[in-house]
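Let's take a walk through a protein model together. Have the sequence and the 3D view open, and follow along from one part to the next.

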Amino acid sequence: MKPIEHASFASLNLAASAIVLLDHAGNVVFMNLAAEQLFECTSRSLQGQAFWRSFVDGAPIEHLFWDGKRLMYGAKRFELSLTRPGREPLYCACTAVVPEGADLGLVLEFQALEQRRRVDRENRIYDSAKANHELLRNLAHEVKNPLGGIRGAAQLLEIDLPSAHFREYTQVIISEADRLQKLVDRLLAPQKHLPKIELFNIHQVCDRVGSLITVEYPKGINLCRDYDASLPEVEGDLEQIIQAVLNLARNAAQAMLGQGTITFKTRIARQVTIGRVRHRLALDLHVIDNGPGVPLDLRESIFYPLVTGRAGGSGLGLSMAQSLVQQHGGIIEFDSKPGETDFKVRLPLIGGKKR
Ligand SMILES: Nc1ncnc2c1ncn2[C@@H]1O[C@H](COP(=O)(O)OP(=O)(O)OP(=O)(O)O)[C@@H](O)[C@H]1O
Ligand SMILES: [Mg+2]
């Protein structure tokens, strides 16, 4: 059999999923870059070895290989766990294809399930936040127009009331109209002014939000800073990003009932996809608290407007923060368990977008 040309597989390095090619003995012929990243090893280090031997629990791959030789199935899809010695198990979706008349014995394609679930969730958040925001802004516009009329009519009515006793009713109309006006103004707020484009350091944002929180909670909130000082500057509207991060930090302080620690942690992220756009570089700002965690029943809907788990909350803080960050091409995501809630603001960095 003629030797297999490795150069001919180079284009597989452009694929997003992990691809491993095995020869007719089950030995690794080639792994693309995504596979090297997923399994944390180099193609060269595994070349010529039976692929399944690199895993403590590789037996399903071995069966798949020999089944392929016997049955010549077209393709098989399944989920499995693969563990490299001394590493955490990896849960993957695997597709195995037996290529007809090729020099190869088996083509394996892997996708890390955790990663896929995360990407699906991020895309869902991204799409639904945009749609909801649009819907609410339209609704807010419709509510805003008649509100002024209702309030004005109640004021006029109050002047001609035959008895002061009825003023109680007109006052209810006026104060409820005012409350609604405030709500509507908050819904319409983020796009009230055009965003300013400036260069700023993300740590400026953390420091400003930190001092505002300290003013609001002078005693119980302890601030912790875990900064990556080498982070490049972000391009965007500084005030808007401060507003978004302040909403997160305020939620954290409120969830901890004013007693606990808020950590601002910044890190660089490489090769990330946000709302289906791939960026070479992004920065992650984590706002972490040690409060009780996001209530389970709110987790799926937390970024929707008007969803609140707090008495007196209006449920606008997170949807507003999400839409401000999305206007910057970024996304807010969270992980939460009792004792540790981590809201992550991911913002793309200039020059980091792949064309
Ligand atoms: N760090 C957190 N820990 C626990 N729960 C949280 C946290 N952040 C948000 N939540 C939950 O998510 C809900 C929605 O938050 P959001 O900021 O959108 O609205 P709100 O805080 O209730 O009201 P508003 O921000 O408009 O005053 C909160 O009511 C709270 O139940
Ligand atoms: Mg809030």
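## Around the ligand

Let's begin with helix 7, which gives the most to the shell around ligand 1: four residues. (Helices are DSSP runs of H or I with at least four residues, strands are runs of E with at least two, and both are numbered from the N terminus.) In total, 23 residues surround the ligand, and the closest are Ala 255, Thr 308, Gly 309, Gly 313 and Gly 317. Being near here means that a residue's C-beta atom, placed from the backbone, lies within 6 Å of the molecule.

A quick word on the model: it is predicted, so local features need pLDDT of at least 70 and side-chain atom pairs count only at pLDDT 80 or more, while totals for chains, interfaces and linings use all residues. Residues are numbered from 1 along each chain as its sequence is written, and chains are lettered from A and ligands numbered from 1 in the order in which they are written.

Now look for an open sheet of five strands, in the order 7-9-10-12-11 with mixed pairing. Strands count as paired if DSSP finds at least two bridges between them. At the edges sit strand 7 (221-226) and strand 11 (331-337), each pairing on one side only.

Inside the sheet, strand 9 (residues 260-274) and strand 10 (residues 277-289) are antiparallel partners over 12 bridges. Thr 263, for instance, stands opposite Ile 288 in strand 10.

## The nonpolar cores

What about the largest nonpolar core? This one has 40 residues, and Ala 244, Val 245, Leu 248 and Val 287 are among those with the most contacts inside it. Such a core is a set of buried Ala, Val, Leu, Ile, Met, Phe, Trp, Tyr and Cys residues joined through C-beta atoms within 7 Å; buried means that 20 or more other C-beta atoms lie within 10 Å of a residue's own, with C-beta atoms placed from the backbone. Helix 7 is the top giver here too, with nine residues.

There's also a second, separate core of 29 residues, including Phe 30 and Leu 106.

## A hairpin to finish

Strand 1 (residues 18-22) and strand 2 (residues 28-31) run antiparallel, joined by three bridges. Val 20 stands opposite Met 31 in strand 2. The two strands form a hairpin with five residues between them, and Gly 26 in the turn has a positive phi of about 90 degrees.

Definitions and conventions: Buried ≥ 20, exposed ≤ 12 C-beta atoms within 10 Å, placed from the backbone.
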